[in-house]
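Please keep the sequence and the 3D view at hand while reading.

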Amino acid sequence: MLNLHLPRAVGDWLSNLTGQGRTTRRVDASDTVMHWPPTAARVLVSAERHAHKCLAQALALEHPKGFLLAHVPLHKLVRVPKQYSYREWLSRTGLLTVDFALCDEHGYVRSVVLLPIAEDQPRHSRKRERLLRVLGATELAVTHWQREWQNEGSDRLRDKLFPKARASGYYADTPHAH
């Protein structure tokens with residue numbers, strides 16, 4: 001038996017002819033926003049917010065006009081030599097992120113801070129090892145955050161984050177050749 005729904009079809013056709021068509025369109029089934037409405041999320045958890053506050057104060061001493069970035073993808077911090085495939089390198093390291101990147105006023109990363117990870121997560125441990133191998137090949141200072149540093153002075157924390165000795169006449173925000 002055919003079920004044509006003729007009254008509805010004829011009514012829609014007549015409405016469209018007279019310009020009184022339905023204003024609601026059928027929602028595309030693949031429209032993720034309509035089916036899973038997004039909401040704003042908390043970017044930094046409590047421990048990260050405390051670390052961010054302390055790191056910002058220490059960064060202001062070393063690079064007064066610097067930037068403190070959180071959850072930075074590794075491919076934004078380091079470059080791959082041009083003779084190698086960037087796409088392949090990105091597929092290997094694209095999901096790796098650092099917790100905090102401390103940059104000078106020119107946007108160059110001067111130090112990286114990693115928060116502790118849970119010991120019971122072997123997948124996170126493997127990702128952290130891979131991240132540390134890549135960062136170890138760069139000249140970036142990598143610091144593992146200690147929770148008790150929240151109570152330290154900004155000067156002492158600065159010395160831990162930026163371990164290079166400063167010569168007389170040192171100005172922190174001068175651009176360096178790479």
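A residue counts as exposed when its relative accessible area is over 50%, as buried when that value is under 20%, and as partly exposed in between. By this rule Leu17 is exposed, because its relative accessible area is 57%. The model discussed here is a predicted one, and Leu17 is found in its helix α1, which covers residues 6–17. Together with Trp13 and Leu14, Leu17 forms a nonpolar patch on the surface, and the accessible area of these three residues together is about 350 Å².

**Salt bridges**

The structure holds 5 salt bridges, and the table lists some of them.

| Pair | N to O distance |
|---|---|
| Glu62 and Arg158 | 3.9 Å |
| Asp104 and Arg110 | 2.7 Å |
| Glu152 and Lys160 | 2.7 Å |

In the salt bridge between the side chains of Glu62 and Arg158, the N to O distance is 3.9 Å. Glu62 lies in helix α3 and Arg158 in helix α6 (residues 154–161), so this pair ties together parts that are 96 residues apart in sequence. Both Glu62 and Arg158 are buried.

For the salt bridge between Glu152 and Lys160, the values fall in the class in between: Glu152 is partly exposed, with a relative accessible area of 23%, and Lys160 counts as partly exposed at 30% relative accessibility. Glu152 and Lys160 also belong, with Arg156, to a network of salt bridges.

**The second largest pocket**

Rolling a probe the size of a water molecule over the atoms shows where empty space is left. In this model, the second largest pocket holds about 390 Å³ of space. It is lined by 17 residues, of which Asp99, Leu115, Pro116, Ile117 and Arg128 are the closest to the centre of the pocket.

Which elements supply at least two residues each to the lining of the second largest pocket? They are the helices α3 (46–62) and α5 (122–136), along with the strand β2 (97–103). Helix α5 gives the most to this lining, with 4 residues. Sorted by class, the lining of the second largest pocket has 9 nonpolar residues, 5 charged residues and 3 polar residues.

How values were computed: Residues numbered from 1 in each chain as written. Predicted model: local features only at pLDDT ≥ 70, side-chain atom pairs only at ≥ 80, totals over all residues. Heavy atoms only, no water. Patch = residues over 30% accessible without salt bridge, like charges linked within 9 Å, V, L, I, M, F, W, Y side chains within 5 Å. Areas by Shrake-Rupley, 256 points an atom, 1.4 Å probe, with all protein chains shown as cover. Salt bridge = Lys/Arg side-chain N within 4 Å of Asp/Glu carboxyl O. Buried < 20%, exposed > 50% of the residue type's maximum accessible area, 1.4 Å probe, protein only. 1 Å grid on protein atoms, 1.4 Å probe; cavity = no way out; pocket = protein on both sides within 12 Å on 5 of 7 lines; lining within 4 Å. Points joined across faces, edges and corners; volume = space filled by probe spheres on them. Nonpolar A, V, L, I, M, F, W, Y, C, P; charged D, E, K, R; others polar.
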